[in-house]
Amino acid sequence: MRRFILIAPDLHDPDGELSVIRSEMPCLARFRDHGTVSMVRNSEGKGNLEAEYLGLERDSVSMQQGPLTVAALGYDPPDRSAHYHLSLLSTKNGTIDIPKVQLDFETQRLVLDLSKQLNTRRITICESEGAEHGLVIENGSPESESTSPDQANGKPVQAVLPNCEDENYLRRFIDDSINLLSEQDFNLRRIDNELPPINLLWPWGGGWRQHVTNLGIRFGEVGYVCSNSIRLQGLTRLAGWKHCNRSEFRDGTRINFEFLLNWIRTNELSICLINEFSEFRASEHFEELSWLASELNRRLLLPLFEDSLEHEIQMSLFSPSSQANTSGIAMKSRSGKLAEGIAPFDERLFDEKRIPAFSIAESVHRGMVETE
C-alpha cells in the first residue's frame, strides 16, 4: 500500500480568521470521510526541527547549517572536519549586502570557477550547481561563532567575522575572496550596470557532522523525501533515505505540484514538506497563501484522491504551528476505510473535546505505519 505524508506548517490559521482549508481545499473533506483527525503538539526540546519531519525526536539531532549543507551537496569529508555553508554575497565600502536579485547561472559558475583558486590542503569549497555551496576545513574546530547572511546584512565585514579556533583560516579565506573577485571584469560590469558586485564568499553555520539514526534500518524500508529545504535534504541523506532534486521542487508560488504528484505516485513511502504557507502567513501575503492552497487542492490532492478510488492509498496530512505553545491539526486517511467520529479537519478542531494530540515526530511515525 502506498503511503504518503504531507507536512504543511501553518496551513491552518490558529485564530480561524483565514481558513484556506475550508475555503480553498474542499478535497480534504473527501479524505476526512475515510480517516481520523488529531492535534499536533509543538516540541519543546532543542535540536533540529527537520529531524521531526523524518519521524525522529527533535533533540536526537543537533547540527549547524554547515554540516547539513555539505551533506545535502553529496560530500563526505574526512572525520573531524569542520563544515560550513558558503554564501555568495556582496561588499562595498566594507559593508555586507545580500544581492536582492537572484544570480543568473553564468555568474554563479564564474564565481565558483574563480574561487577554486582559494582551495588549500586544509580548505576545500564544496560546490553545487546552484547558489548553495559548502566549505570544509579538515581537522577543523567542532564549534564556531559565525554570522548568517541575514544577521550580517548591512553590517561591516570586520564586525561580524567568524570567531573560533579556525578563525585565522576563515578570515584569510574571506579576505582572499574579496581580493580575488572585486576587480574581475564581470563585477566591474555589474557595478557599471548599478548591480552589486558578487565579491564575497561568506562561510557560516560551522560545525562537525553528527551520527544520525539510519532510517532504512530502523523502519525496514527506504523513504523518499521531497522538499525545497537544503537542511532537510542534508539530514535525509545522513539518515540513509532519498531526497528529491530541490531545483525540480521549486519554491514560492512556483511549486511544481506535478513533480510532487509524480514523486508520490512513484514511491511506496514518501514525505513531502511545503514551507510556503508558513512563509506567506509570516509575511502577510494572504492572496498568495489562498492561491497556493487552491493549487494544492486542484493539482495534488484531487488527483491523489482519484487515485485512492482505484488503489490502496494512505494519506497523512498535518499542519504544525510555528507559534510557540500553539497546536496544529493532523489527519490520517486510508482508501476504503470509514471515518472515525465526526470531528472536522479544519480550525474547528480546536473546539472539539477529547481529540488526541501527538508530537510532530509521533505524527510522522503514525503516517508511516499502515492503518489496520
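Is Phe31 buried or exposed, and what is its relative accessible area? Phe31 is buried, at 3%. The points below concern a predicted model.

1. Phe31 and Phe305. The structure holds four aromatic pairs. In one of them, the ring centres of Phe31 and Phe305 are 5.3 Å apart and the planes stand at 80 degrees, so this pair is edge-to-face. The two residues come from distant parts of the chain: Phe31 belongs to helix H2 (residues 27-32) and Phe305 to helix H14 (residues 286-308), with 274 residues separating them. Phe305 has 9% relative accessibility and counts as buried, because the cut-off is under 20%.

2. Tyr224 and Trp263. These two also form an edge-to-face pair, with 6.3 Å from centre to centre and 75 degrees between the planes. Tyr224 lies in strand E8 and Trp263 in helix H12 (residues 257-266), so the pair ties together parts that are 39 residues apart in sequence. Tyr224 is partly exposed, with a relative accessible area of 26%, whereas Trp263 counts as buried at 15%. Ring pairs also bring in Phe259, giving a cluster of Tyr224, Phe259 and Trp263.

3. The sheet. Eight strands make up an open sheet with mixed pairing, in the order E9-E8-E10-E1-E11-E12-E2-E13. Its edges are strand E9 (242-243) and strand E13 (357-359), each of which pairs on one side only. Strands of a sheet pair through backbone hydrogen bonds, in either the parallel or the antiparallel sense.

4. Strand E10 and its neighbours. E8 (residues 224-226) pairs with E10 (residues 269-273) in the parallel sense over three bridges. Within this pairing, Val225 has Ile271 as its bridge partner, and Cys226 stands opposite Cys272. E1 also runs parallel to E10, and five bridges join them. Here Phe4 stands opposite Ser270 of E10.

5. Burial of E10. How many of the five residues of E10 are buried? Five of the five are, so the strand is largely enclosed by the rest of the structure. In a regular strand the side chains alternate between the two faces of the sheet. In E10, Leu269, Ile271 and Leu273 are buried on one side, and Ser270 and Cys272 are buried on the other, leaving both faces covered.

6. Helix H15. This helix (residues 360-368) lies across strands E1 (2-7), E2 (35-41), E10, E11 (313-319), E12 (328-334) and E13, and runs at about 100 degrees to E13. Its buried residues include Ile360, Ala361, Ser363, Val364, Gly367 and Met368. These cover an arc of only 160 degrees around the axis, which puts them on the same side of H15. As background, an α-helix has 3.6 residues a turn, so residues three or four places apart point the same way.

7. Charges over rings. Arg366 has its charged end over the ring of Phe358, at 4.2 Å from the ring centre. Another case is Arg122, whose charged end sits over the ring of Tyr169, 4.4 Å from its centre.

8. The E5-E6 hairpin. Strand E5 (residues 123-126) and strand E6 (residues 133-137) run antiparallel and are joined by four bridges. Six residues lie between the two strands of this hairpin. Cys126 has Gly134 in E6 as its bridge partner.

Definitions and conventions
Residues are numbered from 1 along each chain as its sequence is written. This is a predicted model: local features need pLDDT of at least 70, side-chain atom pairs count only at pLDDT 80 or more; totals for chains, interfaces and linings use all residues. Side-chain values use heavy atoms; hydrogens and water are left out. Two strands pair if DSSP finds at least two bridges between them. Contact means heavy atoms within 4.5 Å. Axes are lines fitted to C-alpha atoms, for helices over the stretch in contact, and angles run from 0 to 180 degrees between N-to-C directions. Rings of Phe, Tyr and Trp (its six-membered ring) pair if their centres lie within 6.5 Å; planes under 30 degrees apart count as stacked, over 60 as edge-to-face and the rest as tilted. Buried means under 20% relative accessible area, exposed over 50%, partly exposed in between (1.4 Å probe, protein chains only). A charge sits over a ring if NZ of Lys or CZ of Arg is within 6 Å of the ring centre and within 35 degrees of the ring normal. The arc is that of the directions from the helix axis to the C-beta atoms.
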